[in-house]
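Q: Could you walk me through this model, beginning with the strands?

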Amino acid sequence: MMFSAALLSLLALPFAAAQTSHAVTVGAGGKLVYDPTNITAAAGDSIVFTFAGTHTATESTFSNPCSPMSNGFAGTSSSSPFTIQVNDTNPIWVYCAVPGHCSAGMVFSVNAPTTGTNTYAAFKQIAMGGSPPSGSGSSTSSGASPSASSSSGSSSTGPYGSSGAGKVAVSAGASLAVGALVALVL
Ligand SMILES: *[C@@H]1O[C@H](CO)[C@@H](O)[C@H](O)[C@H]1NC(C)=O
Ligand SMILES: *[C@@H]1O[C@H](CO)[C@@H](O)[C@H](O)[C@H]1NC(C)=O
Ligand SMILES: [Cu+2]
C-alpha cells in the first residue's frame, strides 16, 4: 500500500504543474457558507473540502439544489478533508445536506456559467425556495418547482450520507487508473 502510494506520487509528478488543488472551507466561523462560494476549475484539478463544524458537501443538480444527485458524491465532516476530482468543465452543483442549511443558502458550485440562467446566484436562489429565473433553459423544462425538496430532500441517504468513504476509495481507483495510463505513456 505504501509502495503503491509512493509510486503514484512519482507517476503524478510530470502533471503536477498543470493541476490545481482548490481549497474550500465548509462552515468556517459558524456560518452556513462554503468559502469560496463558487469556483472555476480545469479538468484534472482537485477540490479539497475542509469542514469546520457539522456539514456536508453533497452533489446535486441545478434544478434540485437541495436533493442528492443519484450517484453523486457526498463528503461529510467525518470524511474531512474530502477531495473530489474535476473531470471536465461541466458545472458541478453542491449543497449541505444538514437539515435547514441548503434552504439557508449553503450551496456551492464549480464551473457554473457566469451568464445566462444557470448561474451560481440562480442556483442559490432556487435552493432558498425561489423560482428559477424566468426564461430558464430547457434543462428545467419539466416545470416542477424544486422548492418542496429543500432541506429534507435527503431521504435516500440521510443527511450525512454513507458514501463518503466509498467515494474516497473510488477516487483512489481513479488515481490508480491515471497512474497506469502514465506508466503506459512512459
Ligand atoms: C471524476 O471521475 C471519477 C472516476 O470516474 C469519479 O469517481 C468522480 O466522482 C468524478 N468526479 C466528479 C466530480 O464527478
Ligand atoms: C462567485 O464567486 C466570485 C469569485 O469569488 C464572486 O465574486 C461572486 O460574488 C460569487 N457569486 C456569488 C453569487 O456569491
Ligand atoms: Cu451545513
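Q: In which sense do E1 and E4 pair, and over how many bridges?
A: E1 and E4 run parallel over six bridges, where strands are DSSP runs (E, at least two residues) numbered from the N terminus, as are helices (H or I, at least four), and pairing requires that DSSP finds at least two bridges. This is a predicted model, in which local features need pLDDT of at least 70 and side-chain atom pairs count only at pLDDT 80 or more, while totals for chains, interfaces and linings use all residues. Residues are numbered from 1 along each chain as its sequence is written, and chains are lettered from A and ligands numbered from 1 in the order in which they are written.

Q: Which residue in E4 is the bridge partner of Ala-23?
A: That partner is Val-48.

Q: And how does E1 pair with E2?
A: E1 and E2 (residues 34-35) are antiparallel over two bridges, with Val-26 opposite Tyr-34 in E2.

Q: Switching topic, how many residues has the largest nonpolar core?
A: That core has 34 residues, and Phe-49, Val-94 and Tyr-95 are among those with the most contacts inside it; a core is a set of buried Ala, Val, Leu, Ile, Met, Phe, Trp, Tyr and Cys residues joined through C-beta atoms within 7 Å, buried meaning 20 or more other C-beta atoms within 10 Å of a residue's own, with C-beta atoms placed from the backbone.

Q: Which element gives the largest share of this core?
A: H2 does, with five residues.

Q: What surrounds ligand 2?
A: Its surroundings are Pro-36, Thr-37, Asn-38, Tyr-120 and Ala-121, each with a backbone-placed C-beta atom within 6 Å of the ligand.

Note on methods. Buried ≥ 20, exposed ≤ 12 C-beta atoms within 10 Å, placed from the backbone.
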